[in-house]
Amino acid sequence: MTPLRGKRVVVTGGSGFVGRRLVHALRLRGAEVQAPTRTEIDLTTDGAVESLRRLRPQVIYHLAADTGGVRYVSTRAMDQNDRINQIVVRAVGEIKPEVAIFTLSSCMYPKDAPIPWHEGSLIDGPMHPSVTAFGRTKRELLRHATEIRDVRLEFPVFTTIYGPGDRIADPDRAHFVGGLIGRIVGAVADGAGAVSLRGSGQSIRDILHVGDAVRVLIALGEGSLAPGGPINIGTGTGVSISWVAGVIAEAIGYRGRIDPDPSYEDGQPDKTLNTGLAETLGWVPWIRRTVEIRSAIILTAWEALHYAD
């Protein structure tokens, strides 16, 4: 294991939902962190490679991506993500940091792969149409990044992440839990009698608290978790979207209806991950059982209601 204290660390996407917390956690561990904004380093340009080189990173975390909810990612070409990924892969290949962590997504999984999804089936078939555009960019990232030599490479495959700091005011860009919190908090503020589930609410999702996402990224950077290939990062516990909505409503005292909305696509019916590899290697999330997930959602929703910016 290599402590991160004193290491020069670069985080792309460091101003995002997960990135902000990762930067904070790295600094608490004594790392010298650079999280350049787009105005500082535009990762869609060739000049970004030299700009990253000048930072002399020993560790690179690649989180930057144009992402959002199902409707958002299903209606965008995602060309910007392709370009960002190409530039970062090229930079890692030329700079040769000690370690590079490329964040992947469960959207990469084939729509017909057996549930719970196992890493062995990650790219073995077509993805669900609702996430094909985004999932394709992550598959391409994996394909090109694995060609890098002389760098320890890690590829966490994240499920849906939730927790404080998600874009609850932008329901199209928020992850689904944050989007639900934003809509239900808005309904309380407006005195609305109904909230849309944006789909049937029956889809099953494996949801990971942002704190656990940061924990695993730190472990991958330090090398206490070093699978050297794709590894599922989730809870292994599936919960329905309607169940999540009910927990949020209870947490903030919403008494109105929560209605299915067939004008929105449900997406993949079930996205539960097989987390056996991570468990075998000694990593498990702190928040993983249904009762723990429920408590974390309640706290996140309550904070959103009472401490919204």
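## Ground rules

Residues are numbered from 1 along each chain as its sequence is written. Because the model is predicted, local features need pLDDT of at least 70 and side-chain atom pairs count only at pLDDT 80 or more, while totals for chains, interfaces and linings use all residues; side-chain values use heavy atoms, leaving out hydrogens and water.

## Val49 in helix α2

Let's start with Val49, which sits in helix α2 (residues 47-54); helices (H or I, at least four residues) and strands (E, at least two) are DSSP runs, numbered from the N terminus. Val49 counts as buried because its relative accessibility is 3%, where buried means under 20% relative accessible area, exposed over 50% and partly exposed in between (1.4 Å probe, protein chains only).

Leaving aside residues up to four places away in sequence, Val49 touches Ile87, Arg90, Ala91, Glu94 and Ile95, with contact meaning heavy atoms within 4.5 Å.

## Helix α8

Next comes α8 (residues 241-252), with end C-alpha atoms 17 Å apart. Its buried residues include Ile241, Val244 and Ile248, and among the elements covering them are α6 (176-190), β9 (204-209) and α10 (290-306). After α8 comes Gly253, with a positive phi near 75 degrees.

## Strand β4

In strand β4 (residues 99-102), Val99 and Ile101 point one way, Ala100 and Phe102 the other, and all are buried.

Strand β4 runs parallel to β3 (residues 59-62), joined by four bridges, and parallel to β6 (residues 152-158), joined by three; strands pair if DSSP finds at least two bridges between them. Val99 is the bridge partner of Val59, and Arg152 in β6 is the bridge partner of Val99.

Key: Expected span 1.5 Å × (residues − 1).
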